[in-house]
Every structure is written in structure tokens, then in C-alpha cells.
Amino acid sequence: MLIVGLTGGIATGKSTASRGFKAHGVPVIDADVIAHQIMEPGAVSYKLVVKHFGVDILQEGTKAIDRAKLGNIIFNDPAKRQLLNSCTHPYVRRRIAYAVFKYYIQGYAMCVLDIPLLFESGLDRFCGKVAVVSCTSERQLARLVSRNGFSREEAETRIKSQMPMNEKEKRATRVIGNNGSVEEMEDQIRRLVADWKPSVVRTIGTLVAPVGLVVSLPFVRTSMLGLGTLCACAAWIIGSVVG
């Protein structure tokens with residue numbers, strides 16, 4: 001199964017791209033959704049965050065974490081941002097790994113990891129290909145002001161706090177431009193899926209290869225056929241992941 005990393009800058013249109021992949025039958029693992037799930041009251045990450053940041057971050061009258069309050073605390077404090085990451089990232093990664101495995105055993109040829117901080121977190125190294133959604137800086141700024149109600153200065157500060165878009169574009173396998181209409185972006189995604197999605201034969205081979213790998217292990221020392229099968233299965237698995 002090909003694992004595709006999907007990322008971009010704040011307000012560049014990554015969510016629209018994510019919906020486009022889903023429309024073509026490609027499962028999408030959304031890191032933001034997972035991040036919300038692990039911060040629900042009672043979850044391990046929730047308990048760790050409340051322990052380190054105190055009950056003042058909770059919404060009045062409820063036990064839910066006020067994400068705006070927490071965001072204001074960590075935004076200009078790298079040490080506290082790192083502390084928050086240590087409370088959440090291991091659990092986000094665990095759920096991502098479980099979701100990838102679930103789609104793999106269900107026989108999907110391709111899945112997408114929708115992760116805003118794909119490069120910053122180092123998770124791009126687990127992706128066979130990476131798509132970056134990009135737009136002009138003025139368009140990005142206008143969207144952020146309109147969507148979040150920020151002043152121009154606040155929006156600029158948020159954008160500057162992230163990895164520069166030109167750096168993300170350099171590290172992408174393909175850049176999805178979002179300076180036109182939604183239809184134009186959808187056409188880019190359609191062509192990307194057509195270009196990247198592994199064939200049925202390759203997908204079936206990816207499912208069978210691990211079985212062949214296990215079955216061939218006992219014969220490696222006694223048979224060249226066993227060794228050959230082992231190497232072939234291993235190569236097929238590696239090839240399917242890196243695309």
C-alpha cells in the first residue's frame with residue numbers, strides 16, 4: 001500500500017484537497033481529528049495535558065480543554081509547545097499507525113496521511129510520496145483573516161510561525177496549486193491519484209508478500225528457493241511502501 005503524506009500551510013486549502021482524495025475512494029487519516037480525539041476527557045493525553053498546564057485551561061462549566069486558551073499559552077513559548085507535543089504526539093502516532101495497518105489489511109492500494117506538521121514531525125519519512133497544497137502568500141493571508149477572524153498582523157504572525165511554504169514545496173513529490181477554482185484543484189487530485197495509485201496486481205502482491213515472507217523463513221538456511229522467496233517478498237513490501 002502506498003502511503004501518501006498530505007500537508008501544506010495554514011489556510012492553503014489542505015482540507016479541500018483531503019475531501020478530494022476521499023471523493024476518489026482514497027482513505028484519509030486526519031491527524032487533526034485524531035488530536036481532538038486524544039484530548040477528550042478521560043484520555044491519557046488529556047490527563048497529561050491537564051496535569052502539566054493546570055485546570056485553568058478547561059472550559060468553564062465543563063471538563064473539556066479550551067483549545068484557544070491552550071493555544072495562547074504555547075504559541076510564543078517553545079518550551080511549553082514542546083511539553084504539549086510530548087503529551088500528545090506519541091498517542092497521535094500510535095493511532096495513525098493503527099489506522100494505516102487497518103487500511104492495509106482491508107486491501108486498499110493507497111492511503112493519505114493528512115498532517116499539518118508532516119515535515120516538522122518527521123513523519124514524512126514514513127511516506128512513499130508527499131503532496132503539498134500551496135497558494136500565493138496574499139491568498140493565504142486573505143483566507144486566514146476571513147476564516148479565523150484574525151487581524152492582518154495576527155494572521156501574518158501565525159503564517160510566519162510555520163515552516164516557509166517554499167521549503168515545503170522543495171520537499172514535496174508534487175505540489176497541488178490552489179490559486180484557482182475548486183474544480184481546478186479537484187482535477188489536479190484526480191490526475192495525482194491516477195498517476196500514483198498502485199495497480200490491482202501490485203496491491204494484491206503487497207497483501208500476499210508478508211505471508212510469503214513468514215512462510216519462507218524456515219527454508220532460508222536449507223534452500224536457495226527459500227532465500228530467493230524471502231528476498232523477493234521483502235523487496236515487494238519495501239517497494240509498495242516507498243511507491
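How do the axes of helix α3 and helix α5 cross, and within what distance do they come? Select residues 44-53 for α3 and residues 78-105 for α5: the axes come within 9 Å and cross at roughly 165°. Axes are lines fitted to C-alpha atoms, for helices over the stretch in contact, and angles run from 0 to 180 degrees between N-to-C directions.

**Before you go on**

This is a predicted model: local features need pLDDT of at least 70, side-chain atom pairs count only at pLDDT 80 or more, and totals for chains, interfaces and linings use all residues. Residues are numbered from 1 along each chain as its sequence is written, and side-chain values use heavy atoms, with hydrogens and water left out. Helices (H or I, at least four residues) and strands (E, at least two) are DSSP runs, numbered from the N terminus.

**Stop 1: α3 and α5**

Stay with this pair. α3 and α5 are roughly antiparallel to each other. The cut-offs: angles under 35 degrees count as roughly parallel, over 145 as roughly antiparallel, 65 to 115 as roughly perpendicular and the rest as oblique. The crossing is right-handed. A crossing is right-handed if the near helix is turned clockwise from the far one by less than a right angle, and left-handed if anticlockwise.

Now show side chains. On α3, pick V44, S45, L48, V49, H52 and F53. They meet K80, L83, L84, C87, T88 and Y91 in α5 (contact means heavy atoms within 4.5 Å). By class, this contact has eight nonpolar, three polar and one charged residues. Ala, Val, Leu, Ile, Met, Phe, Trp, Tyr, Cys and Pro count as nonpolar, Asp, Glu, Lys and Arg as charged, and the others, Gly among them, as polar.

**Stop 2: the sheet**

Switch to the strands. Five of them form an open sheet in the order β2-β3-β1-β4-β5, with parallel pairing. Two strands pair if DSSP finds at least two bridges between them. At the edges, select β2 (28-30) and β5 (174-177): each pairs on one side only. From one strand to the next, the twist averages 25°.

Zoom in on β1 (2-8) and β3 (residues 110-114). Five bridges join these parallel strands. Find I3: C111 in β3 stands opposite.

α1 (14-23) lies across β1, β2, β3 and β4 (129-134), at about 155° to β1. Helix α10 (residues 182-196) also packs on the sheet, touching β1, β3, β4 and β5. Its direction makes about 155° with that of β5.

**Stop 3: G9**

Select G9, in the loop between β1 and α1. Is G9 buried or exposed? G9 is buried, at 8% relative accessibility. Buried means under 20% relative accessible area, exposed over 50%, partly exposed in between (1.4 Å probe, protein chains only).

G9 and Q162 are 153 residues apart in sequence, yet 7.3 Å apart in space, C-alpha to C-alpha. Leaving out residues up to four places away in sequence, G9 touches V133, Q140, Q162, M165 and K168.

**Stop 4**

Q140 is buried, with a relative accessible area of 4%. Beyond four places in sequence, Q140 touches G9, I10, A11, T12, C135, I159 and M165.

Last, select α7 (residues 137-148) and α8 (residues 152-160). Their axes come within 9 Å and cross at roughly 120°. That makes the pair oblique. The contact is made by E138, Q140, L141, L144 and V145 of α7 and R152, A155, E156, R158 and I159 of α8.
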